[in-house]
Amino acid sequence: MGTQTAAGGLDAVVVGSGPNGLAAALVLASAGLSVQVHEAAGTTGGGTRTEELTLPGFLHDVCSAVHPMALASPFFRAFDLAAHGVRLLQPEIPYAHPLDGGRAALAWRDLDRTAEGLGPDGAAWRSLLGPLVRRWSGVVDTAMSDLRRVPRDPLAALLLGIRTLEQGTPAAAARFRTGEAAALLAGVAAHAIAPPRRLAPAGAGLLLATLGHAVGWPVPAGGSRAITDAMVNRLRQLGGRVVTGDRIDDLAQLPPARTVLLDVSPAGLLRIAGDRLPAGYVRSLRSFRYGGAACKVDFALSGPVPWTDPDCARAGTLHLVGSATEARIAETAVVRGRHPQRPYVLAVQPGVVDPTRAPAGRQVLWTYAHVPNGSPRDVSDQIVAQVERFAPGFRDLILATHVVPAAQAGTHNPNYVGGDISGGAVTPWQLVMRPAARWDPYRTPLPGVYLCSASTPPGPAVHGMSGLHAAGRALRQHFGIRTAPLDLVRGGR
């Protein structure tokens, strides 16, 4: 097995080149260790890739498209993407929520401007998010921790906790008087692919809304692959090696190494090492719940989307579902295994700040709709209908589409089990105790083998923190290196 040191063996092998796998590799390489990354696909990045999926010259992000955590996560703040040549472009409006009748609720970078646009609910929006925005780094530190230590900013953690309890329970109904503000918050909470008024999605929505005002929701110039390329280039500068097109089905395929870090789902861990794992741990992995899924549809367009509300043309991200009530209905249907007639659609138009994504005068539109896990259904018609609902004439702009039903999502990223792009159902228990109820969620029962995927805390998003936490444990437990992982990353710049 690849965990036994042999003459000429490596210090560490990482399986999977998504952001968490690469973050782990960078931490280890920054400590002076020899590191090799194995990636099953022909290109690196996992869900952080960009390809010409529709027509030549149209660059589409394969999965992740918008990256507030590229500016906010402790790992990326230490790594400093800008220092590695990545330009993060800021839409004037991080996200918008169109409503029927030509209205739209707009989340501007500026908290006060957002509040002004929400009319009677402006003060309520400001009081909900203002304290979180002022202590945003503490909020992020709490959310991006391993969820097993005392927060560095207890007040920020308390503020986030109290607001999550409010927004994740029926008490949320007392906060807003207008449909605009309620919809704006429901739209960000539904990113969790769960009904907004539950604790985990409410917390996720508050975090995302806070980041919209604190750091923005940027898109990388040239596509999400710019983030991956920067990480891979730095790893190679540090002496690390990346092997692509190498699917690992058994630990025995790996070269000898002192430690192995796996950026894989619990299902992937069972596939690679199931026969070596203790029965109790295997039962925990098999009982791990995967959540709702996404049917991804990319569009090549002949021009910009003709939003009824012209301000929507200035937004990078749009939540297309209608009212907060409609969002709850749609997400409840998904978690119950049904396809909503009007699904929640997340749309991104990177061309509002990045003209390199399409030929001159043309545009790309990145979308997905929430569907039940494992759904084989192509819901592109429902997605088009939701866009057309708020942008009449959209259908006439479509030059080409590329569809990936949820059931096929695993073909380009095996970690998306059944199309679950969150690494597991987003529930309070599974955010803390993922993938199993253990004090150290990263260390597997196999000596020297660690899990570092989004199926470990802090969970989904492009933040690199699962990789950083797992690599930090490997450094302490197997190499006796106690330097803080973030200090290693900073020192490696």
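User: What is the handedness of the crossing of helix 5 and helix 7?
Analyst: In this predicted model, helix 5 crosses helix 7 in a left-handed sense.

User: At what angle do the axes of helix 5 and helix 7 cross?
Analyst: The axes of helix 5 (residues 122-134) and helix 7 (residues 154-167) cross at roughly 150° and come within 10 Å. Because angles over 145 degrees count as roughly antiparallel, helix 5 is roughly antiparallel to helix 7.

User: Which residues of helix 5 and helix 7 make the contact?
Analyst: Helix 5 contributes S127, L128, P131 and L132, while helix 7 contributes L159, L160, R163, E166 and Q167. By class, the contact of helix 5 with helix 7 consists of 5 nonpolar, 2 polar and 2 charged residues.

User: And helix 7 with helix 9: at what angle do they pack?
Analyst: Helix 7 and helix 9 pack at about 125°, and their axes are 8 Å apart. The two helices, helix 7 and helix 9, are therefore oblique to each other. Their crossing, that of helix 7 and helix 9, is right-handed.

User: Which residues are involved there, on helix 7 and on helix 9?
Analyst: On helix 7 they are L160, R163, T164, L165 and Q167; on helix 9 they are L199, A202, G203 and L206. The contact of helix 7 with helix 9 divides into 5 nonpolar, 3 polar and 1 charged residues.

User: Which residues of helix 6 and helix 9 make their contact?
Analyst: First the geometry: helix 6 (residues 136-143) packs against helix 9 (residues 199-214) at an angle of about 145°, with the axes 10 Å apart. Helix 6 passes helix 9 in a left-handed crossing. The contact is formed by W136, V139, V140 and A143 from helix 6, together with L207, T210, L211 and A214 from helix 9. It holds 7 nonpolar residues, 1 polar residue and no charged residues, counted over the contact of helix 6 with helix 9.

User: How many bridges join strand 2 to strand 9?
Analyst: There are 3 bridges between strand 2 (residues 35-38) and strand 9, and these strands run parallel. For example, Q36 has R241 in strand 9 as its bridge partner.

User: And the open sheet of 7 strands: what is its order?
Analyst: That open sheet of 7 strands is ordered 7-6-12-13-14-11-15, with mixed pairing. Its edge strands are strand 7 (104-107) and strand 15 (398-404), each of which pairs on one side only. The twist averages 20° from one strand to the next.

User: Do strand 12 and strand 13 run parallel or antiparallel?
Analyst: Strand 12 (residues 315-320) and strand 13 (residues 345-348) run antiparallel and are joined by 4 bridges. One of the residue pairs is L320 with its bridge partner V345 in strand 13.

User: Which strands does helix 8 lie across?
Analyst: Helix 8 (residues 179-189) lies across strand 6 (93-98), strand 7 and strand 12, and runs at about 115° to strand 6.

User: A word on backbone geometry, please. Which residues does the cis peptide bond with omega of about 5° join?
Analyst: That cis bond joins R434 and P435. P435 sits in the loop between helix 15 (428-432) and strand 16. Another cis peptide bond runs from P457 to P458, with omega near 10°, and P458 is in the loop between strand 16 and helix 16 (465-479).

User: Where is L147?
Analyst: L147 is in the loop between helix 6 and helix 7. L147 is not a glycine, yet has a positive phi of about 65°. Most residues other than glycine have a negative phi, and most peptide bonds are trans.

User: Lastly, which residues does UniProt list for the domain?
Analyst: The unreviewed UniProt entry lists residues 21-473 as "domain: Amine oxidase". Over residues 21-473, the chain is 34% helix and 15% strand, and the end C-alpha atoms are 14 Å apart.

Note on methods. Residues numbered from 1 in each chain as written. Predicted model: local features only at pLDDT ≥ 70, side-chain atom pairs only at ≥ 80, totals over all residues. Heavy atoms only, no water. Pairing = 2+ DSSP bridges. UniProt positions renumbered as here; feature names shortened; annotations may be inferred. Axes fitted to C-alpha atoms, helices over the stretch in contact; angles between N-to-C directions. Parallel < 35°, antiparallel > 145°, perpendicular 65-115°, else oblique. Left-handed = near helix turned anticlockwise from the far one by under 90°. Contact = heavy atoms within 4.5 Å. Nonpolar A, V, L, I, M, F, W, Y, C, P; charged D, E, K, R; others polar.
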